[in-house]
Amino acid sequence: MDIRAAIKGQYHAVLAMLQDAIEKWPEKLWEKTDGEIAAWRVAYHTLYFSHLYLGKNRDSFVKWEKHREPSQHFKPAKDGKPITPYTKAEILAYWKICDEMVDGAVEAMDLDRKECGFRWYKMPKLDHQFVNIRHIQHHAGILIARLRRLTGREVRWMGAVEKTEARK
């Protein structure tokens, strides 16, 4: 079994499900909260941490050029000012960056490493990749359930996909 191929396939599959939810999300509901975190914020949080955890460690992480603090967290800005939402087009552009980095990032990883490279996680690198995939699925699932509840729209299920299959 090729563990790297399995990890890449699962990343591409879960990211494809997230992409499908984002694309199907109605524009009029993109920034709406109604007591829940806005869809744009859930999507950005998910992609930000996907991007971060695909890297070697915190010190080597380079934020997306359009990053705005504290969009990656589910808390208000320290100064109390509203955070400018990302558009669906911006989020989908960031999604593409994350999806395109998967194969190279997984190939470059030392999956036998005893530390994952992020001090707040005390686990080996391989375990941490499963955590990252589960994190993406957790938030994709939240968006998918809300999308179904609000609009009745479904998101396609993805098992494992090659990178080139993700956009079909």
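## Charge

The mean positions of the 30 positive and 23 negative charges of the protein chain lie 4 Å apart. The model behind this value is predicted.

## Fold and dimensions

The protein chain has four helices and zero strands. Its pattern along the sequence reads α-α-α-α. The radius of gyration is 16 Å, close to the 15 Å given by the globule rule for 168 residues, so the protein chain is as compact as a globular protein of that length.

The C-alpha trace spans about 45 × 40 × 25 Å along its principal axes.

## Surface and burial

Of the 168 residues, 48% count as buried. The accessible surface of the protein chain is about 9100 Å². Carbon and sulfur atoms hold 53% of that surface.

## Nonpolar core

Which residues touch the most other members of the largest nonpolar core? They are Tyr11, Leu18, Trp30, Leu47, Ile91 and Leu143, out of 51 residues in this core. At least two core residues come from each of α1 (3-24), α2 (39-53), α3 (88-108) and α4 (125-151). In soluble globular proteins, nonpolar side chains tend to be buried together.

Leu143 deserves a separate look. Leaving aside residues up to four places away in sequence, Leu143 touches Leu18, Ala21, Trp25, Ala39, Val42 and Ala43. One of these partners, Leu18, is also among the core residues that touch the most other members.

Note on methods:
Residues numbered from 1 in each chain as written. Predicted model: local features only at pLDDT ≥ 70, side-chain atom pairs only at ≥ 80, totals over all residues. Heavy atoms only, no water. Rg over C-alpha atoms; globule rule 2.2 N^0.38 Å. Buried < 20%, exposed > 50% of the residue type's maximum accessible area, 1.4 Å probe, protein only. Areas by Shrake-Rupley, 256 points an atom, 1.4 Å probe, with all protein chains shown as cover. Lys, Arg positive; Asp, Glu negative; His and termini not counted. Charge placed at Lys NZ, Arg CZ, Asp CG, Glu CD. Core = buried A, V, L, I, M, F, W, Y, C linked by side-chain atoms within 4.5 Å. Contact = heavy atoms within 4.5 Å.
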